[in-house]
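This report looks at selected backbone and pocket features of one protein model. Please keep the sequence and the structure in view while reading.

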Amino acid sequence: MKIAAVIPDAAWRNTAGVRIRYDRLAPELAALGHALDLMPIDDFRDGAGFDADVYLFCKTYDARAPLLMREMQAAGARVGVDFFDDYFSQTDDSRFVRLRRWFRSMVRGVDFALCATPRMRDRLGPLAPGVPFHVVNDPSGAVDPAAIAETAHRNAARALRTKRLDIGWFGIGDNPHFRVGLTDLHAFGPMLAEARALGYDARLRVLTNQRSLSVERMEMLARLPLPVRVELWSEAAERALIADSLACFLPVNAQSFSTVKSLNRGVTTLSGGAQILSAGYPLYGRLGGFVYRDLWDLIGDLEAGRLKLRPDTVSGLAELLNEAGNAPAEAAALATFLA
């Protein structure tokens, strides 16, 4: 079976959505005898490109998508939409009229839909009656238990020795429609300064996209009550940030857009050997045994030598990540669903 993911443009190949989802599924699907390719929507011209068995539209929110869907189906292919975000259920928000129209034009003819979380399925399923939904958990990357254990131990020892908490935050810092990302960090960030009451200094390192670094957001970061270092995101910088952080701070605003997001930042944090410190909406509840909701609990466990992520809990983490997003299992389930 040949599967083509239709993406907005070639640059989208470099986004986290592709890196975490499709790049990890592709080799597992190939091992099962299936091919997964990425095709920018501009590549479909004059009937070219209709040689796949299955097409997935991904964030292609324009009029070409429903037109192409009909042509692909006429060529004998099955067509679906992979929903990364919920811009469609906010029926009282006039900003999304165009996207709701796009959604309706697609689901009237689409053969199936994919999404990354059960909450997304439950939110969008009733808006697309009769459309089969399948949840594809974002696959976790390769897990190296020895490296995780060594990193967690090293960062805990350094925090105890220096009385300094190195905290990381990484991700897209803005959204064209919602106040998320760096706005969430600004809203919940003051809790990090509570470390001083327990004799520790916290410092924050932020990795984000350049577009998000507006004057307003830079001012927000400057007003946080602890030292903040801001750098541009890259995959290598993200790995280094997590490896050098005692914990990564993952606050989540409890708006509908945020509550259906996947676990990928939490999974990435744990896989890199850092503790999760979350605040706001309990998005990472599925990882609950490895999630801190309070800085005082984190410091208490640090001083007692019983951090949630430590060498003798790494085996349990590996099992949890295997349940939350095992790449071979997710690929096999997807192939079975599409068949």
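K59 is found in the loop between β3 (54–57) and α2 (64–74), where helices (H or I, at least four residues) and strands (E, at least two) are DSSP runs numbered from the N terminus. This is a predicted model, in which local features need pLDDT of at least 70, side-chain atom pairs count only at pLDDT 80 or more, and totals for chains, interfaces and linings use all residues. Residues are numbered from 1 along each chain as its sequence is written, and side-chain values use heavy atoms, with hydrogens and water left out.

Most residues other than glycine have a negative phi. The phi of K59, however, is positive and near 60°, and this residue is partly exposed (between buried, under 20% relative accessible area, and exposed, over 50%, with a 1.4 Å probe and protein chains only), at a relative accessible area of 28%. K163, also not a glycine, has a positive phi of about 60°; K163 lies in the loop between α5 (145–162) and β7 (164–170) and is partly exposed, with a relative accessible area of 36%.

## The second largest pocket

The second largest pocket has a volume of about 330 Å³. Of its 15 lining residues, those closest to the centre are R24, R239, T268, S271 and G272. A pocket here is an open set of points on a 1 Å grid over the protein atoms alone, where a 1.4 Å probe fits, with protein on both sides within 12 Å along at least five of seven lines, and lining residues have an atom within 4 Å of a point. Grid points are joined across faces, edges and corners, and the volume is the space filled by probe spheres set on the points.

The elements giving two or more residues to this lining are α1 (16–31), α8 (235–243) and α10 (264–271), and α8 supplies the largest share, 5 residues. The lining comprises 4 nonpolar, 6 polar and 5 charged residues, with Ala, Val, Leu, Ile, Met, Phe, Trp, Tyr, Cys and Pro counted as nonpolar, Asp, Glu, Lys and Arg as charged, and the others, Gly among them, as polar.
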